Amino acid sequence: MTLSQIDEEVAKLLQLKAQLGGDEGKHVFVLKTAKGTRDYNPKQMAIREKVFNIIISCFKRHGAETIDTPVFELKETLTGKYGEDSKLIYDLKDQGGELLSLRYDLTVPFARYLAMNKITNIKRYHIAKVYRRDNPAMTRGRYREFYQCDFDIAGQYDAMIPDAECLKIVYEILNELDLGDFHIKVNDRRILDGMFAVCGVPDEKFRTICSTVDKLDKMAWEDVKKEMVNEKGLSEDVADRIGEYVSMQGGQDLAERLLQDPKLSQNKQACAGLTDMKLLFSYLELFQVTDKVVFDLSLARGLDYYTGVIYEAILSQTIPAPAEQNGADEAGVSVGSVAGGGRYDGLVGMFDPKGRKVPCVGVSIGIERIFSIMEQKAETSSEKVRTTETQVLVASAQKNLLEERLKLTSELWNAGVKAEVLYKKNPKLLSQLQHCEETGIPLVAILGEQELKDGVVKLRNVASREEVRLISDQNH
Amino acid sequence: MADKAQLQEAIKTQGEVVRKLKSEKASKEQIDEEVAKLLQLKAQLGGDEGKHVFVLKTAKGTRDYNPKQMAIREKVFNIIISCFKRHGAETIDTPVFELKETLTGKYGEDSKLIYDLKDQGGELLSLRYDLTVPFARYLAMNKITNIKRYHIAKVYRRDNPAMTRGRYREFYQCDFDIAGQYDAMIPDAECLKIVYEILNELDLGDFHIKVNDRRILDGMFAVCGVPDEKFRTICSTVDKLDKMAWEDVKKEMVNEKAPAEQNGADEAGVSVGSVAGGGRYDGLVGMFDPKGRKVPCVGVSIGIERIFSIMEQKAETSSEKVRTTETQVLVASAQKNLLEERLKLTSELWNAGVKAEVLYKKNPKLLSQLQHCEETGIPLVAILGEQELKDGVVKLRNVASREEVRLIVSQIVYNLSCILTKHFD
């Protein structure tokens, strides 16, 4: 039996015992976290901090500000924003006050924040946990409480410049995280819609065909075509025409070619999307990121609120895709993806009482996926992950030197040195050295009776065992 | 159920209430509250009229943090976390909600302030009320006997918030605890050293730390003749000496009068005026361990919301503006049709790790670009111009002093880095 299976049955046993009441029930606790949630232990926190630092440095390098919003919103703020997924929202109990729900993502709170504060221009990142009553597949790192990491540029600007900066940011982050090779697919909702139109897809089927096309990243074309024809009622002809387009990939050249395509060039929406795609690539060229960006007509992305460019970053070396259907993970991207986003010009207008539009473009970094990958790397690596940053342990070689140890440690703290001292009056030197080895403290300052008389302290490199004698009052 | 006519009448009346408040220039909170009622009435009308109407507010007792507040918050966290790290602490994180049974029976009377989640068919859950109980659960669950950890996270209490005094239903707690069996008072002393260091570095002015011991208090009550069963209640009365005069405290002790007003304890569980509090608590973890194994703990909770308030006030009264970004250079153009050159240079700066921005306009006016620098505190602007580009140079201007230097384009990254380290580190 797996550990989680055992835990589950133990939990049931304990709950039954608790119902017995009386003394036997009193001291019995089900020691677990809620389903789909987990604690982060110090090692995981150290990895998490490293990842956040890289990502936040990048956002700051691009001049972004940050905001924070409450973990719960008024229920009505979230109502009607997530379509079918609304059933996955955590509600708070009606305890006599306002009806509340835990936030489901960071985009709706962002739109509310902009409308509430009448903000028309902002470049902001927001890293925080969100909540979904999913069926977690925890072996694949899917949780009910998980981090989202969003970066968005809101405001009316000249076309495609902010869109290009979003892609530059994704590129920089994935490079710095050193996760191996990756590529970023881009497409445009207008090109997709135009393509569907010229292929003969009825207007009312656009969205549903879109979600079918979206599955091309994990299903073969034959199966996607089957779904289009058998489940969504398209004729084979129409499906085949779609098939021709969605197999196309390229760069600025592909956008050029498609602008010359006899059918697509007749569709206004597609032309607008293709013209902007050309422009986007010209900016990406200046940003020096075109080596990893691909214009891919099969990229569809699930979310309804995209109105323009859409993109998704995929790692080349990924965990093999599981058999499950949707496969979309916490960032709303398909398995193998580590980031995704696009332009969504209509969302903020839904919140503004006057319907004022604030165009937005942004990206969501799949930070839980990145945590998993980094945690795996750490496990297989020979290098230990430190959970503290202590530089020196202040130790004693003989008994009755607690006073001297505490004094020296205090001086080191006062000078900004990261130092520790064991909470023992007379610790053995061996246990002190062991503590250094276990926690990775690189240096140990050893106080000894003779050395104190001589006015020195021995500073030892724990790994190499090299020692130097330092004069006490110059210990810094 | 109000019928349509009654509803429309109510909407009219409420509309007038709002108009009156606005013309009287009532407080934003009051106006918002009445507008909310108006919108809710309108929403009840249903149909199109109700559809696009939203109550644009955060839940009662919660607030957004805007970029300025986040900048202040980051500064405070950095100081506090550096101190914890300097003392060799690790950190953990726990979920925002726990199983309801984990929190049950741990908070006494305050249990009624716990936020429960709706029973949606799964486990019964509650939002965490503090970080101490999750810590004890974590220790027991992982059979940990020794740890030095800090945990900074938001907790939730269905209080009656007095938001003018900075009391919220969602607020940060900042806990530092040392768990484990050690020689007496050494970890306890380190906790006090940490509080001392943090309050010094935060530069909040003069402070002092009061210490006492539960055993001394109990012993004192015993020798004064307090009956055993009254120890805890007399203890809470004595606790009020920091805000009530002795005469009133004595009255309460003698007359057994229940406290008329609220406790006055703020989010950190410390009384008004305090910025940190803590102590030794040896029995908590044992409550969680199935075998009742004890893990002695001593710790401190930093009153971080109080500190935020103080720092926010300081920032408001200070002449120095709080920057919300860290941008070092704006890449600007003096004439039209230089977008390409601007984007290229900006990209090179980013690649070299320089914090740079560029306006999202093909042909921005120089003045607007300089204005952006002044508004957001960007210290340097790199100005591209047609003539300079022909000469292979870029003008780097100090926004505040207006001093300019001409830098050779091909060496711009190197030169800029030198200037940045020399003048702005």
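In chain B, the buried residues of helix H13 (buried meaning under 20% relative accessible area, with exposed over 50% and partly exposed in between, for a 1.4 Å probe and protein chains only) are B:Leu339, B:Arg342, B:Leu343, B:Leu345, B:Thr346, B:Ser347, B:Leu349 and B:Trp350. An α-helix has 3.6 residues a turn, so residues three or four places apart point the same way. Helix H13 of chain B covers residues 339–351, and its 13 residues reach 18 Å from the first C-alpha to the last, close to the 18 Å expected at 1.5 Å a residue; the expected span is 1.5 Å times one less than the number of residues. Just after this helix, B:Gly353 takes a positive phi of about 85°. Helices (H or I, at least four residues) and strands (E, at least two) are DSSP runs, numbered from the N terminus.

This is a predicted model, in which local features need pLDDT of at least 70 and side-chain atom pairs count only at pLDDT 80 or more, while totals for chains, interfaces and linings use all residues. Residues are numbered from 1 along each chain as its sequence is written, chains are lettered from A and ligands numbered from 1 in the order in which they are written, and side-chain values use heavy atoms, with hydrogens and water left out.

The model scores ipTM 0.87 and pTM 0.86. Chain B averages a pLDDT of 87, and 89% of its residues score at least 70, pLDDT being the predictor's confidence in each residue, from 0 to 100. Over residues 47–52 of chain B the pLDDT is below 50, and this stretch has three contacts beyond near neighbours in sequence, a contact meaning heavy atoms within 4.5 Å. Where pLDDT is low, the predicted coordinates should not be read in detail.

In strand S11 (residues 393–398) of chain B lies B:Arg397, whose side chain makes a polar contact of 2.9 Å with the side chain of B:Glu404. A polar contact is a pair of N or O atoms within 3.5 Å; within protein, one must be able to donate a hydrogen and the other to accept it, and residues adjacent in sequence count only if both atoms are side-chain atoms.

In chain A, the unreviewed UniProt entry lists A:Thr107 and A:Arg132 among the residues for "binding site". A:Thr107 lies in helix H5 (residues 107–116), whereas A:Arg132 is in the loop between strand S4 (122–131) and strand S5 (145–154).

| Residue | Relative accessibility |
|---|---|
| B:Arg397 | 15%, buried |
| A:Thr107 | 9%, buried |
| A:Arg132 | 12%, buried |

Methods. UniProt positions renumbered as here; feature names shortened; annotations may be inferred.
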